[in-house]
Amino acid sequence: MASHYDVIVIGTGLTESITAAALSKAGFTVAHIDENLYYGGDEASLDLDDLDQWAKKRSAASDKPLSSPYLQAQAEKFVSISAVASPPPHSRQYSVSLLPSLIPSTGPFIASLIASGVSRYGGYKLLERVAIYHSAGLVKNVPGSKEDVFKSKDLSLVEKRRLMRFLLFAAGDFAGSKELQGHEDAPFIDFLRTTFSLSMDVATAITYALAFCSAASDPTLPALTRIHHYLRSSGRYGNSPFLVGHYGGAGEIVQGFCRVSAVVGGVCILARNILSIKQSPPPEGHPQPTYVVELEGFDEPLTSRLIISAPDYTPFLSNGTSQDNTHSSPPPFSSRRVARGVIVIDHPIYFPFLAPPSSDSDPIVGASVSTESMITPVDTAVLVFPPSFLPDGSSTTAAHAFITGAGSMSAPVGIVNISLPLDGAGSSPPDAKAILTPYVNATMALTKRPSSGDVVSDPIFTLFYIQNQLLPSNSENEVTPPLPDLETCFTTPPISPTLSECADSAAMNAEKLFWKAVNALKGHPTHTPGQGEEIPEGQDLVEIESFWPPLETIVDDEGDESW
Amino acid sequence: MADSASGATDKSVQVKLVLLGEAAVGKSSIVLRFVSNEFQANKEPTIGAAFLTQKCRLEDRVLRYEIWDTAGQERFHSLAPMYYRNAQAAVVVYDVTKAASLEKAKSWVKELQRQANPNIVIALAGNKVDLVQPSASTSGTTSSESEDEADDATATPEETAGGEQAESLRQVPRDEAEAYAKEAGLLFFETSAKTGEGIVEIFTEIAKKIPIEHILASTRGAGRPGAGGRPGAPDGGVTLDENAAKGKDACNC
Ligand SMILES: Nc1nc2c(ncn2[C@@H]2O[C@H](COP(=O)(O)OP(=O)(O)O)[C@@H](O)[C@H]2O)c(=O)[nH]1
Ligand SMILES: [Mg+2]
């Protein structure tokens, strides 16, 4: 095995894995490293035993100051981890996603899935439903499309017209419009109320269930941009704008990107602790330094011209990399705490729904519960809890419960991922379990088949924790070197924590990193043949024109061909 | 969907087959021999594709193998769970000249029994038998290429070893491996990717053992695990590739 690479990518999260695949496909030699036993980093999908281990390691790491710097960083990131009861048997039938994600049917992520060939590896399912929590055992449907609005029997005509006007506006070219001007940063929900005269109910539904906002203060422009994107995404594969990946989504897809990298020669190394990352001075005639990465159990270090690293591995970089740069810059990103809960259920969830939101003055009297929803459980769905909708819940932020069932292969019956962003940044970590319990109870109330004698069931497994999540910055130049003046060492920027946005933001980050790397490597061919592995002739001279090169096409007619 | 009764033969069943085994035992070489009837001596064959497909015809049925090679991910224990998912067949390979590789094969079999479909068909293949056979140099598949290029560490003992010497290279007696395979319920073969011996047999014997009816039933059904690799459209499944994704509207059949 060669020990010198163009790039060493550290961490196998979504962004790192897409980047590694793209760089490998572009012809660079890549080593891809992760200390965990599994692919995916903070976006992994884990079976219940591995999830149990994941939790135990992170809650114990704080007691053991000598554990790896990565694990220490993880222990600071994931706090208030609830004690886990031992997982139910057949742990492997479950894929729990650490970062639940919806994949918009158009956009950078799905484009990368298809262009890289990763879409061939796994399965996908349309998101079936989005609903808003109404009251114990009842939800309200969200009209997600113009068709839904037309069909709705429960919106007043005036309300319909206003909603249609908004949807047309959002689907159209609103940049620079008079409606938007001056309101870009205003709270989105206020914008809906004042500019489009929408009722509180409708504005709430749009804000939290169409734009997936997390608080009433969320600004207008990004929310509007998301809705625009989603309205244009629906119809590509079906009614919903969103897809859900099988077996836990992102964490499974990551494995596909890592495999793509390996198939074209990338080397994947899991479960090895990093001992050190050092920088050796530029070799004769080279303007750039070489990185030397020591791995546990490896006699020889790996070396590379470039390093791309997940943030949790950067303690290595700032301690060991540079000889003279001890100066530490302030962290470039703000962060937010998100309470997360994983609930494994053995009874399916029903969405018995009331009429879609109607106008303020129009009380929901006599609204009938749909009969279809009484017998058909939901398989992939999102249940939205706007602020103040739950008596014991948050009054300022919205929770999203993402339900994935047998149809998306994540569990024999189902898994619910609940996430609730927290306000403020108090110093003492809040109790994740206490904060999320009302949401769990409200969700579990939906396991009772409507108007049946069933009782509400209990989860068969739960895990709660608080994640200190970095937020993407708005500035263009997100990909900053962790050390000044080092243009050959990048940390991956954070991805959006929003359910509907995280996958796309990972793909966009990856593309930026890809071009940064290509620029940094350009013009300095690594591989003088004879050193390290053999490379196809002329590879270093190939001009890189696109993020993904064209895929080999599928010739699928006569038997014996390969693809 | 449409042509139901007529197309009994052209309606081939897709079977995902994965290769497993220690690095350098010849997994990629076996795939290459089976798919394109080639062999590259002293060189890691480049597969470089997501997976390879190959039809396999039996008297009464046609299978289309979708063959997944490890892409080197076995080296640092970095094979992902995704690799095993929905595999209906596996070829676990060891090298007859390396005793340790059989032990490794056994642990892969265990891993499969833990991770994969319960009804997966597993074949054990003791590869590189050409090295332990009395001078089979008559086959002459690769005489010229094998000369150049200095061996690297992973390469196998020199293949020019003559008769008695050759047999002494064997570290895994056939009986021993066969007994283990029988006990563990595996198909068993000794193979040579170099000469082609035993290669096609692995795949045809597996084909005979694959519960096709079961696969067809489960693919048509609710798309439970065990259904073919990528879902056609069972249970709201979606095919992402534009070309393949026809009939996009509605149809929630
Ligand atoms: N003599 C001999 N060499 C083989 C045979 N199969 C593979 N090899 C050689 O063994 C080495 C490793 O083979 P490879 O297919 O890359 O193994 P893999 O790592 O398991 O995929 C290469 O040098 C091959 O040429 C075989 O049947 N006989
Ligand atoms: Mg190989």
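The legends below walk through several close-up views of a predicted model.

**View 1. Chain B at a glance.**
Let us start with the make-up of chain B, which has seven helices and seven strands. Read from the N terminus, its elements follow the order β-α-β-β-α-β-α-β-α-α-β-α-α-β. Chain B has 253 residues, and 51% of them count as buried. Its accessible surface comes to about 12200 Å², with 50% of that belonging to carbon and sulfur atoms. Among the contacts in chain B with a separation of 6 or more, 74% are between residues 24 or more positions apart.

For a look at one pair, turn to β2(B) and strand β3 (residues 62-68) of chain B, which pair in the antiparallel sense over six bridges. Within this pair, Leu52(B) has Ile67(B) in β3(B) as its bridge partner.

**View 2. A helix pair in chain A.**
We move to chain A, where helix α6 (residues 157-171) and helix α8 (residues 200-210) pack at an angle of about 35°. Their axes are 11 Å apart. The crossing of α6(A) past α8(A) is right-handed. On the α6(A) side, the contact is made by Glu159(A), Leu163(A), Phe166(A) and Leu167(A). On the α8(A) side, Val202(A), Ile206(A) and Leu210(A) take part. Sorted by class, the contact between α6(A) and α8(A) has six nonpolar residues, no polar ones and one charged residue.

**View 3. Strand β10 of chain A, covered on both faces.**
Strand β10 of chain A spans residues 242-245, and both of its faces are covered. Phe242(A) and Val244(A) are buried on one side, while Leu243(A) and Gly245(A) are buried on the other. Strand β6 (residues 103-104) of chain A runs antiparallel to β10(A) and is joined to it by two bridges; there, Pro104(A) has Phe242(A) as its bridge partner. Strand β7 (residues 124-126) of chain A also pairs with β10(A) in the antiparallel sense, over three bridges. In that pairing, Lys125(A) has Val244(A) as its bridge partner.

**View 4. Strand β14 of chain A and its partners.**
Strand β14 (residues 302-309) of chain A has eight of its eight residues buried, so it is largely enclosed by the rest of the structure. Six bridges link β14(A) with strand β1 (residues 4-10) of chain A, and these two run parallel. Ile8(A) finds its bridge partner in Ile307(A) of β14(A). With strand β13 (residues 290-295) of chain A, the pairing of β14(A) is antiparallel over three bridges, and Val292(A) stands opposite Thr303(A). β13(A) and β14(A) form a hairpin with six residues between them. In the turn of this hairpin, Gly297(A) has a positive phi of about 80°. Strand β21 (residues 489-491) of chain A runs parallel to β14(A), with three bridges joining the two. Here Ile308(A) has Phe490(A) in β21(A) as its bridge partner.

**View 5. Around Ala517 of chain A.**
Our last stop is Ala517(A), found in helix α14 (residues 502-521) of chain A. Is Ala517(A) buried or exposed? With a relative accessible area of 0%, Ala517(A) is buried. Leaving aside neighbours within four places in sequence, Ala517(A) is in contact with Leu23(A), Leu306(A), Ile308(A) and Phe490(A). Ala517(A) and Glu179(A) are 338 residues apart in sequence, and their C-alpha atoms are 41 Å apart in space.

Definitions and conventions. Residues numbered from 1 in each chain as written. Chains lettered and ligands numbered in written order. Predicted model: local features only at pLDDT ≥ 70, side-chain atom pairs only at ≥ 80, totals over all residues. Heavy atoms only, no water. Pairing = 2+ DSSP bridges. Helix = DSSP H or I, 4+ residues; strand = E, 2+ residues; numbered from the N terminus. Axes fitted to C-alpha atoms, helices over the stretch in contact; angles between N-to-C directions. Left-handed = near helix turned anticlockwise from the far one by under 90°. Contact = heavy atoms within 4.5 Å. Nonpolar A, V, L, I, M, F, W, Y, C, P; charged D, E, K, R; others polar. Buried < 20%, exposed > 50% of the residue type's maximum accessible area, 1.4 Å probe, protein only. Areas by Shrake-Rupley, 256 points an atom, 1.4 Å probe, with all protein chains shown as cover.
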